[in-house]
Amino acid sequence: MNNQVSSANIPVFLCCFHRSNTGETMAWSESVDTVLANKEGLAAFRTFLKSEFSEENVEFWLACEDFKKTKSSTKIASKAQKIYSDFIQADAPKEINIDFHTKNDISQNISEPTLSCFDAAQSSIYCLMAKDSFPRFLRSEVYKELVKKHQDKNQKRWLPFL
C-alpha cells in the first residue's frame, strides 16, 4: 500500500485493489485542469466560485471550450455572439474581468468570428482561476467537505482479499 501526502497534508491511502476516489479528489489539488476535467470537481469548483461571486469565470471558460468544438459556420457566428453578449460586452450580465486590449480586439472582430477569437480572453480567465481562485478553493470548506465525503465513502468500501 502506498502512503502519499497531499499538499494539504491530508494522507491519501492508495491500494491496488480498487480505484480510490479520495486519491482522485486529492489529485485535484495538483492543478485547475484536473478539477475542470472532472464532473464532480467542476461542480464543487463552481459552487465555490458562486460563493465568491465569480462563477462567470468558469462559465465563460466552459462556453469557450464548447465554442471551439463548433463545426457549422452559422453556429460559430451565433455562439460567438452569445458569448460576446453574455460575457464580453460592456454591462454584460456575466461580464468577465479582462484587459481593455483583449476586450477591444474581440469587439472589433466579433462580426466575423473565428474559433480562436476568444482564446486570449479564455487564457486570461484560466490564469486568473488557476492563480487566484483555485488556491482559495483548495483551502475552502467546499473542497474539504468533498475530500471528507470521499474518505468516508472509501472507509465503508472494504474489499476483501481474493
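The axes here are lines fitted to C-alpha atoms, for helices over the stretch in contact, and the angles run from 0 to 180 degrees between N-to-C directions.

Before going on, a word about the model. It is predicted, so local features need pLDDT of at least 70 and side-chain atom pairs count only at pLDDT 80 or more, while totals for chains, interfaces and linings use all residues. Residues are numbered from 1 along each chain as its sequence is written, and side-chain values use heavy atoms, with hydrogens and water left out.

Now for the overall layout. The protein has eight helices and two strands, and from the N terminus on its elements run β-β-α-α-α-α-α-α-α-α. Helices (H or I, at least four residues) and strands (E, at least two) are DSSP runs, numbered from the N terminus. Of the 162 residues, 37% count as buried; buried means under 20% relative accessible area, exposed over 50%, and partly exposed in between, with a 1.4 Å probe and protein chains only. The accessible surface comes to about 9900 Å², of which 54% belongs to carbon and sulfur atoms. Among contacts with a separation of 6 or more, 56% come from residues 24 or more positions apart.

The structure holds eight aromatic pairs, where rings of Phe, Tyr and Trp (its six-membered ring) pair if their centres lie within 6.5 Å, and planes under 30 degrees apart count as stacked, over 60 as edge-to-face and the rest as tilted. One of these pairs joins Phe60 and Phe118, edge-to-face at 6.4 Å centre to centre with 90° between the planes. Phe60 lies in helix α4 (residues 55–67) and Phe118 in the loop between α6 (100–109) and α7 (119–139), so this pair ties together parts that are 58 residues apart in sequence. Both Phe60 and Phe118 are buried. Another pair, Phe134 with Phe137, is tilted, at 6.2 Å centre to centre and 35° between the planes. These two residues both lie in helix α7, three residues apart, about one turn of the helix, and Phe134 and Phe137 are both buried. Ring pairs also link Phe45, Phe48, Phe134, Phe137 and Tyr143 into a cluster.

From Phe60 we can follow α4 to its neighbour. The axes of α4 and helix α5 (residues 73–88) come within 11 Å and cross at roughly 170°. That makes α4 roughly antiparallel to α5. The residues of α4 that take part are Glu56, Glu59, Phe60, Ala63, Cys64, Asp66 and Phe67, and they meet Ile76, Lys79, Ala80, Ile83, Phe87 and Ile88 in α5. Glu59, in helix α4, is buried with a relative accessible area of 19%. Leaving aside its neighbours within four places in sequence, Glu59 is in contact with Arg46, Phe87 and Lys94.

Pro113 lies in the loop between α6 and α7 and is buried, with a relative accessible area of 17%. Not counting residues up to four places away in sequence, Pro113 touches Ile76, Ala77 and Ala80. The C-alpha atoms of Pro113 and Ile76 are separated by 7.1 Å, although the two are 37 residues apart along the chain. Ala77, in helix α5, is partly exposed with a relative accessible area of 37%. Ala77 and Ile110 are 33 residues apart in sequence and 8.2 Å apart in space, C-alpha to C-alpha.

Finally, the cysteines. The structure holds zero disulfides, a disulfide being a pair of cysteine sulfur atoms within 2.5 Å. The sulfur of Cys117 is 8.0 Å from the closest cysteine sulfur, in Cys64, too far for a bond. Cys64 is buried, with a relative accessible area of 1%, and Cys117 is buried at 18%.

Methods: Contact means heavy atoms within 4.5 Å. Accessible areas come from the Shrake-Rupley method with a 1.4 Å probe; for residues, only the protein chains shown count as cover. Angles under 35 degrees count as roughly parallel, over 145 as roughly antiparallel, 65 to 115 as roughly perpendicular and the rest as oblique.
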